[in-house]
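Colleague: Please take a close look at one helix of this model, together with what surrounds it. I would like the side-chain surroundings and the packing set out in a single connected account.

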Amino acid sequence: MYQLKEEARKLIKEKYRISYLTEKTGVTRQYISMIVNKKQTCSKTIAYYITKAIDSESEIKDYFIRLK
């Protein structure tokens with residue numbers, strides 16, 4: 001499972017709308033909101049989709065912490 005890094009959380013809140021991430025990832029608004037607010041972890045696939053929606057050149061590790 002993956003958790004959004006605090007720096008990434010701040011970046012998303014400043015630069016992106018939840019609806020943008022919803023549209024780009026195909027994930028529900030509620031789920032994206034929970035991930036951004038660090039109330040929910042996500043799978044590697046969802047972390048990948050969110051990462052690529054933010055910056056197509058970035059890696060998952062740039063925005064997420066891998067939890068065991």
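Modeller: Tyr-20 is partly exposed, with a relative accessible area of 29%. The model is a predicted one, and the values that follow are to be read accordingly. Tyr-16 is likewise partly exposed, its relative accessible area being 22%. Two aromatic pairs are counted in the model. One of them joins Tyr-16 and Tyr-20: the ring centres lie 5.4 Å apart and the planes meet at 25 degrees, so the pair counts as stacked, given that stacking requires planes under 30 degrees apart.

Helix α2 itself spans residues 18-25, and Thr-25 belongs to it. Thr-25 is buried, because its relative accessible area of 11% falls under the 20% limit. The polar side-chain atoms of Thr-25 have backbone partners on two residues. The backbone oxygen of Leu-21 lies 2.6 Å from a polar atom of the Thr-25 side chain, while the backbone nitrogen of Val-27 lies 3.3 Å from a polar atom of that side chain. Leaving aside residues up to four places away in sequence, Thr-25 also touches Ile-32, Tyr-49, Ile-50 and Ala-53.

On the α2 side the contact is made by Ile-18, Ser-19, Leu-21, Thr-22 and Thr-25; on the α3 side, by Arg-29, Ile-32, Ser-33 and Val-36.

The largest nonpolar core has 19 residues, and among them Leu-4, Ile-12, Ile-32, Cys-42, Ile-50 and Phe-64 touch the most other members. At least two core residues come from each of β1 (2-4), α1 (6-15), α2 (18-25), α3 (29-36), α4 (44-54) and α5 (60-63). The greatest share is that of α4, with five residues.

With residues up to four places away in sequence set aside, Leu-4 touches Arg-9, Ile-12, Ile-35, Val-36, Lys-38, Tyr-63 and Phe-64.

Note on methods. Residues numbered from 1 in each chain as written. Predicted model: local features only at pLDDT ≥ 70, side-chain atom pairs only at ≥ 80, totals over all residues. Heavy atoms only, no water. Core = buried A, V, L, I, M, F, W, Y, C linked by side-chain atoms within 4.5 Å. Buried < 20%, exposed > 50% of the residue type's maximum accessible area, 1.4 Å probe, protein only. Helix = DSSP H or I, 4+ residues; strand = E, 2+ residues; numbered from the N terminus. Contact = heavy atoms within 4.5 Å. Polar contact = N/O pair within 3.5 Å; in protein donor to acceptor, adjacent residues only side chain to side chain. Phe/Tyr/Trp six-rings, centres within 6.5 Å; stacked < 30°, edge-to-face > 60°.
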